[in-house]
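Have the structure open while you read.

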Amino acid sequence: MSINLYALSFDAKDPAALARFWGGVLRREVAEDDGVYLTEGNAGFRVRFLPSDAIKDRPNQMHFDLTSQTPEDQQATVARALELGGRHLDIGQGPEITHVVLADPEGNEFCVIAAGNNFLANTATIGALSSDGTQAVGYFWSKALDWPLVWDQDEETAIQSPQGGSKISWGGPPVEPKAPKNRLHLDVAPPPGGNAEAEVERLLTLGARRLTTGQHGPDAIPLADPDGNEFCILTPR
């Protein structure tokens, strides 16, 4: 038995406001149930927003790469994000770069990718959760979620659900120093009838380790992947 990707969770100073921003950008409905969240959409997972007072002092370990169907679609997504409270972000990208780098109202980075990107073809509005991480982490999550590797070259890896949807990618070395607690983390859960503790033991054999604190909710079992990035296992759902 494997676990399912239930949600990507954002730590947020104002969860409701950040949910409204991302709901508008992604054109998803905002709901409340164990935190504020966006419905699954075509990515195949929820986006949750959880309260946190942590200060953002470095780029996130993970960010969205949003897809575009046409140049006009890319421009419309950028305009919508800016109107909702986003801003342009300079990370040293040159004028030859075709994607647009933005930040949401709490400073979380994301990119709006130009139309015609082959890597993100046949994905979702969230084309990828683009991550800073080693090849070992890509292998770990491939086995953890039972998702095939769709890219494995020069220590860069990417996985995707057999049902399609968003990819999760890791850029390989060099990996930036980790924040004391990542602002974005994955929430996974066994399917109905599954056993969360049994899945914990399976993930430990794959290279995860237990954490004592760091995640949200009494039903969240906190773990870290082989790079030390936090994630949690929820009760079956």
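Strand E1 (residues 4-12) is the top contributor to the lining of the second largest pocket, handing over three residues. Strands here are DSSP E runs of at least two residues and helices are H or I runs of at least four, numbered from the N terminus. Keep in mind that this is a predicted model: local features need pLDDT of at least 70, side-chain atom pairs count only at pLDDT 80 or more, and totals for chains, interfaces and linings use all residues. Residues are numbered from 1 along each chain as its sequence is written, and side-chain values use heavy atoms, with hydrogens and water left out.

**Second largest pocket**

- A pocket is, on a 1 Å grid over the protein atoms alone, an open set of points with protein on both sides within 12 Å along at least five of seven lines; a cavity is a set of points where a 1.4 Å probe fits but cannot get out; lining residues have an atom within 4 Å of a point.
- The second largest pocket comes to about 280 Å³, where a volume is the space filled by probe spheres set on the points, and grid points are joined across faces, edges and corners.
- It is lined by 17 residues, and Asn4, Leu5, Tyr6, Gly44 and Phe45 are the closest to its centre.
- Its lining splits into seven nonpolar, eight polar and two charged residues, with Ala, Val, Leu, Ile, Met, Phe, Trp, Tyr, Cys and Pro counted as nonpolar, Asp, Glu, Lys and Arg as charged, and the others, Gly among them, as polar.

**Largest pocket**

- The largest pocket has about 1200 Å³ of volume.
- Its lining runs to 50 residues, and Asn60, Gln61, His63, Ser131 and Asp132 lie nearest its centre.
- Elements giving two or more residues to that lining are strands E5 (62-66), E8 (109-112), E9 (126-131), E11 (156-160) and E12 (167-170).
- By class, the lining of the largest pocket holds 23 nonpolar, 14 polar and 13 charged residues.

**Cavity**

- How many cavities of 30 Å³ or more are there? The count comes to one, and the largest cavity holds about 90 Å³ of space.
- Among its 13 lining residues, Met62, Trp141, Leu186, Asp225 and Asn229 are the closest to the centre.
- Strands E13 (184-189) and E16 (230-233) each supply at least two lining residues, and E13 has the largest share with three.
- The cavity lining has six nonpolar, five polar and two charged residues.

**Helix pair H3 and H4**

- Helix H3 (residues 135-145) packs on helix H4 (residues 196-206) at about 150 degrees, with axes 10 Å apart.
- That angle makes H3 roughly antiparallel to H4 (the label applies to angles over 145 degrees).
- At the contact (heavy atoms within 4.5 Å), Phe140, Lys143 and Ala144 of H3 meet Arg202, Leu203 and Leu206 of H4.
- That contact has four nonpolar, no polar and two charged residues.

- Most residues other than glycine have a negative phi, and most peptide bonds are trans.
- Proline 173 and proline 174 are joined by a cis peptide bond, with omega about -5 degrees; proline 174 sits in the loop between E12 and E13.
- Arginine 27 isn't a glycine, yet has a positive phi of about 55 degrees; you'll find arginine 27 in the loop between helix H1 (15-26) and strand E2 (30-32).

Methods:
Axes fitted to C-alpha atoms, helices over the stretch in contact; angles between N-to-C directions. Parallel < 35°, antiparallel > 145°, perpendicular 65-115°, else oblique.
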